[in-house]
Amino acid sequence: MAKRLLRIFGPIILAALLVLAVFVSPVTFGFKHVSAGEERQAAVSLSPNVLKGKRLKAAALGENYVPFFGSSEWSRFDPMHPSVLAQKYDRSYRPFLLGARGTQSLTQFFVMQNIQGDLRHKKAVFVISPQWFVKNGTRKDAFGFYYSQLQTTEWLSHYRHDAIDRYAAKRLLQMPVAQSDHFIYAALQRVASGKSLTDYQKVYLRAKMNMLTQEDQFFSGINLPSQNLNKVMQQTKKLPTHYSYATLNRLAGQLGKAQTGNNRFHISDTFYKQRLKKVIRKGKLKNFQKNLSYTQSPEFADFQLVLDQFARLDTNVMFIIPPVNDRWSAYTGLSKSMLRQFDRKIRYQLESQGFTHICDLSHDGNVPYFMTDTIHLGWRGWLAVDQQLNPFLTKSQPAPHYNINDKFYSQQWQQLPPERLAAYKVTSK
Amino acid sequence: MLSFEPYGNPTYFAILGVALIPLVIGLLYGRRSRLYETIISIFFLVLTFGGPKWTQGVALIVYISYEVLLTWGYAVYRKQKNSGPIFYLMVILAILPLTIVKVTPAVENGQNSLIGFLGISYLTFRAVQTMMETRDGTLKNFQIMTFLQFMLFFPTISSGPIDRYRRFEHDYRSVPDRDTYLGMIQKGVRYIFVGFLYKFILAYYFGQILLPRLLQMGMQARGGFLDLSWPVLGYMYVYSAYLFFDFAGYSLFAVGTSYLMGIATPMNFKQPWRSPNIKDFWNRWHITLSFWFRDFIYMRLVFWFMKHRVFKNPRTTANVTYIINMLVMGFWHGVTWYYITYGLFHGCALVINDAWLRYKKKHRESVPHNRFTQWFAIFLTANLVCFSFLIFSGFLNQLWFTN
């Protein structure tokens with residue numbers, strides 16, 4: 001009997017032991033090395049696995065890659081896209097695009113957790129989409145899609161026992177995905193209530209982190225999408241050999257005009273045909289954003305987490321605030337004064353805490369071919385970004401001085417009606 | 001509170017493995033501890049229906065009490081009398097909760113019924129079948145405790161396979177001898193590992209990686225004839241592969257786990273993609289379900305029609321019953337146009353298949369039968385089935401009736 005049982009269960013036990021050995025062992029099995037080609041692919045892949053992992057990001061950011069935090073705008077690869085310009089004109093930096101449709105401040109805060117070494121005293125770029133700041137803030141399913149246990153365990157291994165981390169833990173606990181690991185969930189509850197982790201939890205988290213790190217090292221290089229890199233390379237061919245703003249601006253106008261022929265909104269033809277044409281014909285989008293507001297949202301506090309993290313690491317950040325396509329917002333009824341109020345509120349949160357590198361394009365929604373579709377930067381928009389981005393990244397900058405204020409976590413700030421902003425600036429501390 | 005999908009993640013399998021060790025050792029030494037089996041059954045039921053899903057747990061308890069009362073009541077009654085109307089009434093009462101659960105989303109805009117829970121259909125099949133065999137007189141000594149074990153046998157509770165009371169009772173009341181049991185362990189372990197391949201690698205790849213892309217491509221390519229396009233064709237095959245590997249994988253887990261518990265739950269799939277015709281397909285695909293329908297709907301209806309001489313021609317009887325049988329199966333999946341069309345499609349396919357087989361028998365000399373025609377038959381059957389799964393998937397509904 002024993003012999004037969006061994007024949008049945010022997011291979012399983014052996015396999016289990018081998019898997020365990022690989023995951024538990026601190027050795028890296030030679031997968032740590034990341035080739036330059038892999039880095040180039042990963043930097044523009046926009047793949048959720050790259051965002052959730054560590055190996056590829058850490059390797060690239062250790063060299064001349066700069067983290068570009070944002071969301072869906074990164075996927076608009078036209079010739080003026082930051083990745084294309086940096087490649088074509090062989091800039092001293094290369095963008096590492098972090099974020100895709102649905103990534104917002106809270107996701108980005110956790111993304112920052114396992115690249116802290118590469119942010120400390122370095123530069124970064126962050127695109128703030130006004131569309132994040134809706135009534136309910138980040139969508140729970142979208143957050144779940146980009147959630148990474150690896151980042152959470154890393155954060156729990158170095159979190160500080162202060163109000164900020166308590167806030168982060170509380171926000172995470174509100175997300176259904178936090179329950180994907182019962183032990184992490186229990187640990188988060190302790191952090192949220194201000195207690196320190198138990199010894200048992202620390203051991204578990206360390207083992208889990210080790211396992212996830214191994215997993216990341218094994219699998220992060222597999223199936224890395226390459227189509228975006230191909231797009232970037234294709235787009236570089238459309239650019240003139242030598243950089244000249246005037247020539248590029250003219251080219252941006254020409255390209256925009258050629259690609260937005262089928263509609264009155266100056267929206268790229270393919271986007272219009274695929275996403276809008278049918279719905280517009282039914283008249284469903286006319287004035288549908290009339291009552292939409294970006295001025296009261298839990299996102300303001302989530303965004304404060306990001307600012308706090310940058311401040312702790314002394315990262316020098318350039319923030320980009322994109323506009324909304326004017327022709328489009330006029331059709332959908334999105335209020336322009338509300339957008340201006342949003343801009344004032346977010347700028348106060350940034351500037352009052354010492355974040356002064358702001359590329360604020362919120363007034364340029366009427367410039368022709370500035371936007372590639374409804375809310376995403378394109379041709380001239382990307383070029384305008386480059387005007388400020390290039391000097392910021394290529395020239396040396398004075399060290400930033402941040403003074404963080406916890407009032408931006410408060411319910412009062414999140415829900416502050418825009419007309420009370422002026423009074424708030426004077427009275428709040 | 002912990003809550004798990006049955007066979008959903010590695011933790012579930014780890015807990016399952018540990019929980020089964022004492023039971024396996026017991027069976028190896030010729031003992032079956034009813035108490036321990038009951039305890040782990042309850043434990044896994046709590047894992048599946050507890051925590052955030054407690055409302056389902058309550059629904060399960062209420063439902064089970066109701067079904068036990070009906071079946072037991074009928075078994076007691078049947079010892080004295082055997083009236084037709086009473087039997088029909090009991091069967092109707094037994095399928096009433098399932099009917100409510102299935103009809104609710106159709107009339108309440110997709111809202112799920114409060115009395116539903118994961119696996120209600122499969123429990124109803126088991127209860128109804130027990131009742132019918134009691135009526136036939138083939139099931140004589142009905143016992144409440146065994147019936148409860150049969151209904152709540154945790155490896156198969158959520159999605160089958162659908163065992164039969166008498167078969168289960170036989171296994172449950174005895175202990176396999178050591179050699180047989182070692183064979184069962186070996187098979188069970190193999191099934192579970194093939195299940196891993198099916199469910200966590202193949203079904204994942206088809207269902208999570210390929211399917212969403214094809215769905216998006218198909219939706220974007222709308223506008224042509226009936227909104228059809230090449231991605232829709234791709235979706236059809238990929239969805240079929242996903243459906244098979246997902247469900248076959250799950251069934252392998254359920255059967256494998258049963259084997260480790262010394263219960264030879266019947267297999268649900270037997271190489272369905274090599275069926276030369278649609279009838280054979282239903283003998284190989286979701287076998288316990290199609291046999292259940294065969295024994296308790298098809299056969300019963302045929303007897304009833306013949307007894308009451310409804311149709312003169314036995315062929316007509318068979319054809320009408322095929323259609324009714326498959327329509328019922330369609331409705332059972334859910335009250336939507338695509339499930340019902342799916343049922344109707346298979347009903348018609350069975351009728352045509354029968355007609356073709358009869359024709360072939362009559363004209364043996366003129367209809368060629370060789371390796372090529374056999375391959376062609378398999379190819380045609382597989383494609384027909386895939387097409388029916390495209391209907392079943394609801395993708396056409398999304399393609400045609402959504403923005």
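Predicted model: local features only at pLDDT ≥ 70, side-chain atom pairs only at ≥ 80, totals over all residues.
Visitor: In which helix is the place of Gly343(B)?

Guide: Gly343(B) belongs to helix H13 of chain B, which covers residues 337-362. Asn325(B) lies 18 residues away from Gly343(B) along the chain, and 8.4 Å separates their C-alpha atoms.

Visitor: Is Gly343(B) buried or exposed?

Guide: The general idea is to count neighbours: a residue is buried if 20 or more other C-beta atoms lie within 10 Å of its own. For Gly343(B) the count is 24, so this residue is buried. Over chain B as a whole, 33% of the 403 residues count as buried.

Visitor: What is the angle at which H3(B) and H5(B) pack?

Guide: Helix H3 (residues 54-80) of chain B and helix H5 (residues 120-136) of chain B pack at about 5°, and their axes are 9 Å apart. Angles under 35 degrees count as roughly parallel, and H3(B) and H5(B) are therefore roughly parallel to each other.

Visitor: Which residues of H3(B) and H5(B) meet?

Guide: From H3(B) come Tyr63(B), Glu67(B), Thr71(B), Tyr74(B), Ala75(B) and Arg78(B). They meet Ile120(B), Leu123(B), Ala127(B), Thr130(B), Met131(B), Thr134(B) and Arg135(B) of H5(B). By class, the residues of this contact are seven nonpolar, three polar and three charged.

Visitor: Which domains does the domain assignment of chain B give?

Guide: The assignment gives domain 1 (10-173), domain 2 (176-266) and domain 3 (270-403). The centres of domain 1 and domain 3 of chain B, taken over C-alpha atoms, are 28 Å apart. Their contact takes 12 residues from domain 1 and eight residues from domain 3.

Visitor: Which elements give two or more residues to the side of domain 1 of chain B that touches domain 3?

Guide: They are helix H4 (84-107) and H5 of chain B. H5(B) gives the most to that side of domain 1, with five residues. The side of domain 1 that touches domain 3 has eight nonpolar, three polar and one charged residues.

Visitor: How many helices and strands does chain A have?

Guide: Chain A has 21 helices and five strands. Its radius of gyration is 23 Å, close to the 22 Å that the globule rule gives for 429 residues, so chain A is as compact as a globular protein of that length. The box filled by its C-alpha atoms, taken along the principal axes, is roughly 80 × 55 × 50 Å. Of the 429 residues of chain A, 40% count as buried. Residues 24 or more positions apart make up 82% of the contacts in chain A with a separation of 6 or more.

Terms used. Residues numbered from 1 in each chain as written. Chains lettered and ligands numbered in written order. Buried ≥ 20, exposed ≤ 12 C-beta atoms within 10 Å, placed from the backbone. Axes fitted to C-alpha atoms, helices over the stretch in contact; angles between N-to-C directions. Helix = DSSP H or I, 4+ residues; strand = E, 2+ residues; numbered from the N terminus. Parallel < 35°, antiparallel > 145°, perpendicular 65-115°, else oblique. Contact = placed C-beta atoms within 7 Å. Nonpolar A, V, L, I, M, F, W, Y, C, P; charged D, E, K, R; others polar. Domains from an automatic or database assignment. Rg over C-alpha atoms; globule rule 2.2 N^0.38 Å.
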